[in-house]
Structures are given as structure tokens and as C-alpha cells.
Amino acid sequence: ILSLAQLSSLIYVYVDIFMIEFFMGEQAVGIYGVSSRIALLLASLCGVIQITYFTKLASVKTDIIFKEKIIFIGFIISLLVSCVLYWVSEYIITYMFSDGYEDSTELLRYFSVLPLLIYLNETFGKLRFLSVRNYSGFSSLLWVGAFSNVILNVFLIPGFGLNGAIYATLITELLLLVLFLL
């Protein structure tokens, strides 16, 4: 069941690239890919922190206040990463990439919220489902996210271009967060 969850995550992460290629062409994929992959890389680093500490917390019997403090520290770290990413977006794009990627700066600013959203989703999704071994519930919600992202991309990219793909990603992450918290 967890392998199905991983498959849904792969669909979710890469469907925007395929749809942008289909609707807008290769150049748009490059501009979008630069910003989305930088944000996902930083979100993954926050995820490594989350996985490291959450696994330890799940296996140790300790008081709830200690666990809440660790989760709060992860929240602060991912919030800081998101804020720093927003403020240094222009510098990252300017110094890491050649001319022609200037449009990636604004996209990266939109994507800067991803480290925080993904940290929250990883934390609350795993806290609610995986800590009690509800693998099918976790997998089902990830599939809801994957399908939502596909549908949103189909409708938003033609009307809003690259911003539509970002809107689809952010809406999907917010949807998952709400579902994980319900």
C-alpha cells in the first residue's frame, strides 16, 4: 500500500511538467522547472529533518509536550526556509542561471511557501495515519491529491499559464493539509 502512495506522489510531483509541455512547450518547462525544483529541493531538506525527528518521536514513549515542541521547531525551520527562499529568489535565479530564466524569479516566490506546506502535510499526514499504521488511509488521501493536481492542472494551465501550474500545486497542498487535519 505504501508503494501505491509513493506512485501517487510521483504522479503529483511530475504531472505539472508534462502538462506544461503539452500546453505551452519546452521553453515554459525550463522556466517552470527551475523554480519548482529549487522549492522542492528545499522542501525535501525540511522533510529530511521531519522524517528524522518524527521517526525518533514515534518510537520513544515521551510526554506530548516534548513531541509538540519538536514539531513546533520543525515548523519554525520550514517557515524560515520559506521566508528566506521568498526573499532570495531573485539572487538564486540571477546567479545560478543564465539569461532567459528571469521569469523563474516570480515563480520561485510563489513556490517559496512549499517547504512550509510540505512540512505540515508530512507531519500531520504521518502523525495521523502512519503512526497508527493506517497505510490505506494515508495512501488514499495521497491519491486524492494526485488526481486533484492533475484535474487542476488541466483547467488552470490553459487559462493562467505557468501560474496555473503553481496554483494547482498550492491548492493541492492546501487540500491535502485540510484532509490530513480532518
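A residue is called buried when its relative accessible area is under 20%, exposed when it is over 50%, and partly exposed in between (1.4 Å probe, protein chains only). Helices (H or I, at least four residues) and strands (E, at least two) are DSSP runs, numbered from the N terminus. This is a predicted model: local features need pLDDT of at least 70, side-chain atom pairs count only at pLDDT 80 or more, and totals for chains, interfaces and linings use all residues. Residues are numbered from 1 along each chain as its sequence is written, and side-chain values use heavy atoms, with hydrogens and water left out.

Start with the overall fold. The protein has seven helices and zero strands. Along the sequence the pattern reads α-α-α-α-α-α-α. Of the 182 residues in the protein, 42% are buried.

Now take helix H6, residues 135-160. The expected span of a helix is 1.5 Å times one less than its number of residues. H6 is not straight throughout: it bends by about 30° at Asn153. The bend at a residue is the angle between axes fitted to the seven residues ending there and the seven starting there. Asn153 is also one of the buried residues of H6. Just after H6, Gly161 takes a positive phi of about 65°.

Helix H1 (2-24) and H6 each supply at least two residues of the patch. H6 gives the most, with four residues. Phe22 is found in helix H1. Phe22 is exposed, at a relative accessible area of 67%.

Turn next to the interior. A nonpolar core is a set of buried Ala, Val, Leu, Ile, Met, Phe, Trp, Tyr and Cys residues joined through side-chain atoms within 4.5 Å. The largest one has 30 residues, and those with the most contacts inside it are Ile20, Tyr32, Ile38, Leu108 and Leu162. H1, helix H2 (26-59), helix H3 (64-96), helix H4 (103-111), helix H5 (114-128) and helix H7 (162-181) each supply at least two residues of this core. The largest share, eight residues, comes from H2.

Two of these helices deserve a look of their own. H5 has 15 residues and reaches 20 Å from its first C-alpha to its last, close to the 21 Å expected at 1.5 Å a residue. In H5, 11 of the 15 residues are buried, so this helix is largely enclosed by the rest of the structure. Among them are Leu114, Pro115, Leu120, Asn121 and Lys126. Tyr119 is another buried residue of H5. Tyr119 and Ser44 are 75 residues apart in sequence and 8.7 Å apart in space, C-alpha to C-alpha. Ser44 lies in helix H2, and at 45% relative accessibility Ser44 counts as partly exposed.

H7 has 20 residues and reaches 29 Å between its first and last C-alpha, close to the 28 Å expected. Its buried residues include Leu162, Thr169, Glu173, Leu176 and Phe180.

Charged pairs come last. A salt bridge is a side-chain nitrogen of Lys or Arg within 4 Å of a carboxyl oxygen of Asp or Glu. A search of the whole structure finds two. Arg109 pairs with Glu90, the closest N and O atoms being 3.8 Å apart. This pair links distant parts of the chain: Arg109 sits in helix H4 and Glu90 in helix H3, 19 residues apart. Arg109 also pairs with Glu106, the closest N and O atoms being 3.7 Å apart. Arg109 and Glu106 are separated by about one helical turn, because they are three residues apart in helix H4. An α-helix has 3.6 residues a turn, so residues three or four places apart point the same way. Salt bridges that share partners join Glu90, Glu106 and Arg109 into one network. Arg109 is partly exposed at 21% relative accessibility, Glu90 is partly exposed at 42%, and Glu106 is partly exposed at 40%.
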